[in-house]
Amino acid sequence: MPNASSWSASSPLLLLWEDSSGPRIFLSLLYAALAISGTLSNVMVIYLVFSFKKLQTTSNAFIVNGCAADLSVCALWMPQEAVLGLLPPNSSSLRSAEYRLLRGGLLGLGLTVSLASHLLVAFNRYVLITKLPSVYQALYQRRHTGCMIGLSWALALLLLPLLPGLWTPGSAPQPPPRQPAAGSRYTALLLALAVLGQTALLLHCYLGIVRRVRGSAKRVSVLNFHLLHQLPFPAAPPPPRRAQRRLSSVSVLLLCCVFLLGTQPLVWVSLLAFFLRPAPAALQAASWLLLCSLSALNPLLYTWRSEEFRRAARSVLP
């Protein structure tokens, strides 16, 4: 069985090359479920934002950008994985270098823009809560917001050729060498450092929000912005009581915990592959699956506490 630690192998990262059909069928069903749920939830959020004027805010523009990127994973990449998981490992569909290149490109583009959108949303909310209203208005003009969204896609397109693990073609699955290839090892390090840096910035923003909300309820009350409804916690005009502030902090920390659960396993598996030895194939597959599952969960993470989103969803759903 070829080792999944060779990231330039024929499969893009997640399919387990096993003779037994049980794990492959299970993964295919899991990808199919994530593809359906993720596609529906991302499309629903995009539709609601474009259909309801109250939802057309700067914060939601970044959320929609993330949903569009997540559709690349949920609607385009995951269905292919679900189908290919049912094919035999020596299928000609898995041997095509161009097809593997396309699948790797969809995955890399979607995940990169999605992670960048997480950071844009967090920074937007951090500036909204912790800075003066004049600073927020000057920074998040329509033109600046469009440039930020465009830069997230440009950055993803520039990074794709730098990921040899996604772009190295192979003719067929081959038995793995004793040590992973240098390209795969540096791909692992690059990926781990990028996700670690993004996670550190995101946690800094959200923990700064928590400190401000817990330390100064008056500061939240004077920010009379409709964007406050897009925060992952309720922000009403009256100063929140102690129980409400505790709920606000728990909501933000819950969002951070879900994000960490989805991203950090892959980070440490990648670091392990670079400095020591590749992790077991099942652990690598699980870490990538957790990261990709964020594409299906992101719409819920950012809208479940928003009354405006719930009201809009009730108006369009039977």
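The legends below describe close-up views of a predicted model. Local features need pLDDT of at least 70 and side-chain atom pairs count only at pLDDT 80 or more, whereas totals for chains, interfaces and linings use all residues. Residues are numbered from 1 along each chain as its sequence is written, and side-chain values use heavy atoms, with hydrogens and water left out.

**View 1. Glu81 in helix H2.** Glu81 lies in helix H2, residues 58-84 (helices are DSSP runs of H or I, at least four residues, numbered from the N terminus). Glu81 counts as buried because its relative accessibility is 0% (buried means under 20% relative accessible area, with a 1.4 Å probe and protein chains only). The side chains of Glu81 and Arg103 are joined by a polar contact of 2.8 Å (a pair of N or O atoms within 3.5 Å, one able to donate a hydrogen and the other to accept it).

**View 2. The crossing of H2 and H10.** The axes of H2 and helix H10, residues 281-303, come within 9 Å and cross at roughly 145° (axes are lines fitted to C-alpha atoms over the stretch in contact, with angles from 0 to 180 degrees between N-to-C directions). Residues of H2 that meet H10 include Ile63, Asp70 and Trp77; among their partners in H10 are Ser293, Asn298 and Tyr302 (contact means heavy atoms within 4.5 Å).

**View 3. Two annotated stretches.** The unreviewed UniProt entry annotates residues 25-50 and 62-80, among others, as "transmembrane region". Residues 25-50 are 100% helix, with end C-alpha atoms 37 Å apart. Residues 62-80 are also 100% helix, and their end C-alpha atoms are 27 Å apart.

Methods. Helices (H or I, at least four residues) and strands (E, at least two) are DSSP runs, numbered from the N terminus. Buried means under 20% relative accessible area, exposed over 50%, partly exposed in between (1.4 Å probe, protein chains only). UniProt positions are given in the numbering used here, feature names are shortened, and annotations may be inferred rather than shown by experiment.
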